[in-house]
Amino acid sequence: MWGISTHMSVRNIGKLSAMKRSSENNDANSYIETLSMTEMETSLPVRKEVDNSFTHSQFVSDKSEQQDINAPEEKTQNKGLNLRSRQEYFIPPPGDVPVRRFPQAVIIGFGKCGTRAMLTFLSLHPYIVIHHEEVHFYTEDKLYAKGYKWYLNQMPFSYSNQVTMEKSPDYVCSNRARQEIAEHFPDCKLIVLVRNPVVRIVSAFLQRFRFKEPSQRPPMNVTYMNTKTNEFNPNASAVDVGIFHKHLSPWLRTFSRDNILVVSDESLTTDPLSVLKRAEKFLNIPPMLNEDNFYYNETSGFYCCRRYSTDEQPRCMNINKGWKHPELPADDEKMLYDFYRPHNKKLFKLLNETYNWEKT
Ligand SMILES: Nc1ncnc2c1ncn2[C@@H]1O[C@H](COP(=O)(O)OS(=O)(=O)O)[C@@H](OP(=O)(O)O)[C@H]1O
């Protein structure tokens, strides 16, 4: 048995259906106090028997994943690889039944820093069960108002020795997310992706105008200049997000350092296996991923992944990731590198780790 704490498992959270929603009981702890396993067992569509052929995709909406990853032409490349079936890898505890659990690990940010690839690669692991779409529970007022019962109901079914995960890249900039996770899930494992913040700005620009033809897009400086005064705008959200130390410091003060894993997009794009090996250790799950789970896709210039069995299709991130970046105007680029340099230094000091984020 691998030692992930499931301190907010459904076992502890009975009688949800009987609870009335109010702002006072928008509180995960209050569910613990009203334990009623019988009611919970009847209210969830759990399977009658433990079934090793269970896969999370049977239980969750797979919509975004279907959109995200698809590399049919490369299926034949799986032959002869060390990819065993999920059933060979994963053994649920005897008598265990899959139920919904609050996330024990969350990718909290930063947007445009590889969060989707990280989640997708983590989902290769049989001991990890993910919610595919971004939840934004803490950051969207109308979702937060629905309460923890709603949040729990978004989560996929899992066995007690699996880790439930979600990713919402805006949590890292949210006080509410930090305070709520600290209060209700203090042992939650937090994963943070960072990236050269100048490159991140270009990526954020492309994301914002992704539905426009290149010729129809505004100039890139709309994301970092005050277009009325034509001055640099450090408060523009695309700029502010990249001041990583500012957003990360409060998390590092709130949570144990051992519960925060920081990964750079650059390492994820060049060596996903090493990153995933670190993540396995961090999440305290058995080391199961190997080099056969990843392959470099020459067309996209990114790694794609294969799951457990040779019969499954290899998967790549969808076309919204990994666009060719347009070049920043030279003066703007210099200005942005100069702006971020001292902030990056503060981040490196905070993390005791340095990334090469100078212009290459
Ligand atoms: N394997 C693989 N395939 C595709 N893309 C990869 C991969 N690994 C990391 N990345 C990087 O992920 C960047 C997008 O970041 P996010 O997934 O965090 O974006 S989002 O906030 O969820 O929209 C994306 O940024 P862009 O290249 O600017 O699109 C990539 O740099």
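A disulfide is taken here as a pair of cysteine sulfur atoms within 2.5 Å, and a search of the whole structure finds one. The structure is a predicted model, in which local features need pLDDT of at least 70 and side-chain atom pairs count only at pLDDT 80 or more, while totals for chains, interfaces and linings use all residues. Residues are numbered from 1 along each chain as its sequence is written, and side-chain values use heavy atoms, with hydrogens and water left out.

The disulfide joins Cys304 to Cys316, with an S to S distance of 2.0 Å, and the link of these two residues is right-handed, with 105° about the S-S bond. Cys304 lies in strand E11 (residues 302-305) and Cys316 in the loop between E11 and helix H14 (330-351), so the pair ties together parts that are twelve residues apart in sequence; helices (H or I, at least four residues) and strands (E, at least two) are DSSP runs numbered from the N terminus. Residues are called buried under 20% relative accessible area, exposed over 50% and partly exposed in between, with a 1.4 Å probe and protein chains only. By that scale Cys304 is buried at 0%, and Cys316 also counts as buried, at 10% relative accessibility.

Cys173 is accordingly in no disulfide. Cys113 is buried, with a relative accessible area of 0%, whereas Cys173 counts as partly exposed at 36%.

A nonpolar core is a set of buried Ala, Val, Leu, Ile, Met, Phe, Trp, Tyr and Cys residues joined through side-chain atoms within 4.5 Å. The largest such core has 70 residues, of which Met118, Leu122, Tyr138, Tyr151 and Met165 touch the most other members, and helix H13 gives the most to this core, with six residues. A second, separate core of 17 residues includes Leu206, Met220, Phe339 and Tyr340. Contact means heavy atoms within 4.5 Å, and Met118, leaving aside its neighbours within four places in sequence, is in contact with Ile107, Ile191, Leu193, Val263, Leu268, Val275 and Ala279.

Val275 and Ala279 are among the buried residues of H13, together with Pro272, Leu273, Leu276, Glu280, Phe282 and Leu283. An α-helix has 3.6 residues a turn, so residues three or four places apart point the same way. H13 (residues 272-283) has twelve residues and reaches 16 Å from its first C-alpha to its last, close to the 16 Å expected at 1.5 Å a residue, where the expected span is 1.5 Å times one less than the number of residues. Asn284, whose phi is positive, near 60°, follows the helix.

For the protein as a whole, there are 14 helices and eleven strands, and buried residues make up 54% of the 360 residues. Among contacts with a separation of 6 or more, 76% are between residues 24 or more positions apart.

The pLDDT, the predictor's confidence in each residue from 0 to 100, has a mean of 80, and 73% of residues reach 70 or more. Over residues 1-25 it stays under 50, and the model has 72 contacts beyond four places in sequence for them; over residues 29-68 the pLDDT is below 50.
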